[in-house]
Amino acid sequence: MTTLLSEPATTLYSHELNTRVWSNGRHQVRCVRIIHETHDVKTFCFNAEQAVMFFFKPGQFVTLELEIDGEQVMRSYTISSSPSVPYSFSITIKRIPGGRVSNWLHDHLKVHDEVVVHGPTGLFNCIDHTADKVLFLSGGVGITPVMSMARWLFDTNAEVDVAFVHSARTPADLIFQRELEHMSSRVDEFVLHLLCERVEPGQAWPGYRGFLDQTRLEMMVPDFMDRRVFCCGPEPYMRAVRELLRANGFDMDFYHQESFNATPVEASQEALEHSELAEREAEIAQEATQFSVVLNQSEVSAEALPGETVHAAAARLGITIPKACGVGICGTCRVLKTSGVVDMQHNGGITDEDVAAGYILACCSVPRSDVAVAV
């Protein structure tokens, strides 16, 4: 008697006809696992109903599209997993006092729940900025993008000399500690240093204490000046790192930092200047020619006011183009422009390849002719 066995799940995920490759856009995914990293940090793992290879550049992020209390909310989070584990991806989120989205995710998102994500996107990654020697600097939950990079280098057996320095408030706040220690124990060229701001009574901590400064950095990574630096953490932490490196004459072309969570001062100022310039131009050019914005899929159009973005013109028609940062950083509002010319003043949220393919960021693109977009 012959017994027919059902096709293993692993076969389904490797069948070329069933497997798709992830690309920047809007996707529905399902939460398949929740990991409690620390007392206030959780990792949420996702995959897709139909097998998808979630390839991205380690360090990139996604933007969640959520509905909270009947309102659509967008929030960007770095992918903490590595593309070397291709059929799922993870984001690691810290509960923030008063944080609307982080608290909602911690309290309400459950295994089997479905959410919409946009992405992946982001210029902060270790694929576009390779080096033989790297220094990962992270503070708090800012560890997520550099953890993705470290996992990628570890899993692919990359011949890269890695120095990883992570700062946390207390030993109880250390994220991914055991995994990092495992990496360091297996690879001679992976040197790990953990730094805790303070140690609570009763906590045993043999490692470094205090804040990252010149003295501690020289002790931990004497050759930090010879490494490509990837940094992520709270803005005061990243500012202190930049100032330290500049004071030592570090070539800042080899310094990279994450920038979507808290819009960097430089980007905010630039966006403000663009806004003020647009307002002045609008005041002067009240009689100027107005251009139409045609939304192909919605079969509607509007006259764009002087200085008005494609996103704003669509909003006046009641058409929602998802966005998160509003200043051309996150890439959430990426849409295909099918005709026309725009002036796009972005801050790194779109690649040159996407621009060449006709994509724009609706939040920071002002029509300079009649424009049509695939919305």
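**Reading contacts, strands and helices**

Reply: Leaving aside residues up to four places away in sequence, Thr332 touches Thr63, Met74, His118, Pro322, Lys323 and Ala324; contact means heavy atoms within 4.5 Å. The model is predicted, so local features need pLDDT of at least 70 and side-chain atom pairs pLDDT 80 or more, whereas totals for chains, interfaces and linings use all residues. Residues are numbered from 1 along each chain as its sequence is written, and side-chain values use heavy atoms, with hydrogens and water left out.

Me: Where is Thr332 found, and does Thr332 count as buried or exposed?

Reply: Thr332 is found in the loop between helix 8 (310-316) and strand 17 (334-339); helices (H or I, at least four residues) and strands (E, at least two) are DSSP runs, numbered from the N terminus. Thr332 counts as buried because its relative accessibility is 7%; buried means under 20% relative accessible area, exposed over 50%, and partly exposed in between (1.4 Å probe, protein chains only). In the chain of 375 residues, 47% count as buried.

Me: With which side chain does the side chain of Thr332 make a polar contact?

Reply: The partner is the side chain of Thr63, at 2.9 Å. A polar contact is a pair of N or O atoms within 3.5 Å; within protein, one must be able to donate a hydrogen and the other to accept it, and residues adjacent in sequence count only if both atoms are side-chain atoms.

Me: How is a sheet read, and in what order do the six strands of the open sheet stand?

Reply: Two strands pair if DSSP finds at least two bridges between them. The six strands stand in the order 6-5-8-2-3-7, with antiparallel pairing. Strand 6 (71-78) and strand 7 (89-94) are the edges, each pairing on one side only. Within this sheet, strand 2 (residues 25-38) is joined to strand 3 (residues 41-47) by seven bridges, and Ile35 stands opposite Thr43 in strand 3.

Me: Which strands pair with strand 15 (residues 291-295)?

Reply: Strand 16 (residues 300-304) runs antiparallel to strand 15 and is joined to it by five bridges; Leu295 has Val300 as its bridge partner. These two strands form a hairpin with four residues between them, and Glu299 in the turn has a positive phi of about 55°. Strand 21 (residues 371-373) pairs with strand 15 in the parallel sense over three bridges, with Val293 opposite Val371.

Me: How do helix 3 (residues 143-155) and helix 4 (residues 177-186) cross?

Reply: Their axes come within 11 Å and cross at roughly 35°; axes are lines fitted to C-alpha atoms, for helices over the stretch in contact, and angles run from 0 to 180 degrees between N-to-C directions. Ile143, Met147, Ala150, Arg151 and Phe154 of helix 3 make the contact with Glu179, Leu180, His182, Met183 and Arg186 of helix 4.

Me: Which backbone values deserve attention at Pro120 and His112?

Reply: The peptide bond from Gly119 to Pro120 is cis, with omega near 5°, and Pro120 lies in strand 8 (residues 114-121). His112 has a positive phi, near 85°, although it is a residue other than glycine. His112 lies in the loop between helix 2 and strand 8 and is exposed, with a relative accessible area of 60%.
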